[in-house]
Amino acid sequence: MRRARAVNECGEERWRRVLVGVALVGLVVGASRGIAETDNADLEPPGPAVGALAPDFALTPLRFYDFRLDEREITRQNAWELYEPVRLGDFRNKWPVALVFGSSASVLRADARALEALHRSYADRVQFLFVYIREVRPPPGAEAPRDPETDLERMRIANAFVGRMGLSIACVVDAMDDAAMKIYAAEPARLYVVEKEGGIAFASDPTTAGLDLGAFEAALVSATASPR
Amino acid sequence: MGALDKLYQRYRDRVEFLLVYIREAHPADGWSAQVNPRLRYVKQPATSTQRFQVANSCVTDLQISIPCLIDSMDDATMKAYNALPDRLYLVGKNGRIAFKGRHGPFGFKPRELETAIEAELAALEGAP
């Protein structure tokens, strides 16, 4: 009996082990499916999706008077309002906004001329904002501009880049915590069109290969076609 | 600034021009009459980035092509050159002051600077 009980106990123990083994396999399968689902989710670029309300940000402009916050041709902010950051939400219900995220080492360099041409074509109907973000991390061994360490240094690099590229697009500079870049998942370069009511009308993929200016312009056409 | 820019275009291949942006002489929140409605009065920049913004607007709006440097927030350069509200200097190739203009606005005379530049260049050409 004792032996039989021992055999039975042995059998129970084996089943218990088998069950534990099955449970573990189940956990592993579940975890791997979870990972696979996360991978699938990653195929969609993060950042605000088309149709969502554009997340607000308030950033320092490179210089004043480039921004059109009312129906006048150029806003003449009074002196006491100077140094206020430029807030994306301030354009809501006034103008569609074309957001251009990039840095001096990004693909923007190659597409600057085409972007400037688009800006000139739509400047009377769309507020363009170039959001200068942190410099692209170069691959190991490659030469690239040093990432700015202070907000002033970041402004200097942004200003030099805008001047060198001949961009007349109003420029705001992302904060040192890279808040706007992160919320828009914009590194290394990315385009958005925000419709007048504040919703995302177009979001390109973040790119190192080249900006999708064709789709960007189509979105601009559609954003400006809607009745104001 | 138009006269200075003309000087810059004329002599830029022989003289290094530097525009040093210093603190605002008549800020909106300081000693400012604000009598000229065509001028934009800005608040005194409180941080280096604000000073950068104002300097940037200044050179852009006034279409100044002279390379611009920005004084530090302790106004070290402005103090060393006693330059408020504006002042012209010419530094010789040997590093010594060759010309010191009077304070602006009444003493700010680009023509005097031009005369000094001509004299300095002539002296350099005559030197062995």
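A nonpolar core is a set of buried Ala, Val, Leu, Ile, Met, Phe, Trp, Tyr and Cys residues joined through C-beta atoms within 7 Å. A residue is buried if 20 or more other C-beta atoms lie within 10 Å of its own, exposed if 12 or fewer, and partly exposed in between, with C-beta atoms placed from the backbone.

This is a predicted model, in which local features need pLDDT of at least 70 and side-chain atom pairs count only at pLDDT 80 or more, while totals for chains, interfaces and linings use all residues. Residues are numbered from 1 along each chain as its sequence is written, and chains are lettered from A and ligands numbered from 1 in the order in which they are written.

**Stop 1: chain A**

Select chain A. Its secondary structure comes to five helices and seven strands. Helices (H or I, at least four residues) and strands (E, at least two) are DSSP runs, numbered from the N terminus. Along the sequence the pattern reads α-β-β-β-α-β-α-β-α-β-β-α. Of the 228 residues of chain A, 34% are buried.

**Stop 2: the sheet**

Now show the strands of chain A. They form an open sheet of seven strands with mixed pairing, in the order S2-S1-S5-S4-S3-S6-S7. Two strands pair if DSSP finds at least two bridges between them. Which strands stand at the edges? They are S2 (86–87) and S7 (200–203) of chain A; each has a single partner strand, so one side of each is left without a neighbour in the sheet.

Move to S3 (residues 97–102) of chain A. Six bridges join S3 to S4 (residues 127–132) of chain A, and the two run parallel. Leu99(A) stands opposite Leu129(A) in S4(A).

Next, select helix H5 (residues 213–225) of chain A. H5 lies across S3, S6 (190–194) and S7 of chain A, at about 165° to S7(A). Axes are lines fitted to C-alpha atoms, for helices over the stretch in contact, and angles run from 0 to 180 degrees between N-to-C directions.

**Stop 3: the core**

The largest nonpolar core has 61 residues. Leu99(A), Val100(A), Val131(A), Cys171(A) and Val193(A) touch the most other members. Pick Val100(A). Leaving aside neighbours within four places in sequence, its contacts include Leu115(A), Phe128(A), Ile169(A) and Leu191(A). Two residues are in contact if their C-beta atoms, placed from the backbone, lie within 7 Å.

**Stop 4: where the chains meet**

Show both chains. The contact takes 14 residues from chain A and twelve residues from chain B. H3(A) gives the most to the side of chain A that touches chain B, with four residues.

Select H3 (residues 151–165) of chain A and H2 (residues 48–61) of chain B. Their axes come within 9 Å and cross at roughly 20°. That makes H3(A) roughly parallel to H2(B), a term for angles under 35 degrees. Among the residues making the contact are Met155(A) and Asn159(A) of H3(A), with Phe52(B) and Asn56(B) of H2(B).

**Stop 5: chain B**

Chain B has four helices and four strands, in the pattern α-β-α-β-α-β-β-α. Its C-alpha trace spans about 55 × 30 × 25 Å along its principal axes. Buried residues make up 12% of the 128 residues in chain B.

End at Ile64(B), in the loop between H2 and S2 (68–70) of chain B. Ile64(B) counts as partly exposed because it has 18 C-beta neighbours inside 10 Å. Not counting residues up to four places away in sequence, Ile64(B) touches Met1(B), Asp5(B), Leu19(B) and Val59(B). Ile64(B) and Lys6(B) are 58 residues apart in sequence and 10 Å apart in space, C-alpha to C-alpha.

Conventions: Angles under 35 degrees count as roughly parallel, over 145 as roughly antiparallel, 65 to 115 as roughly perpendicular and the rest as oblique.
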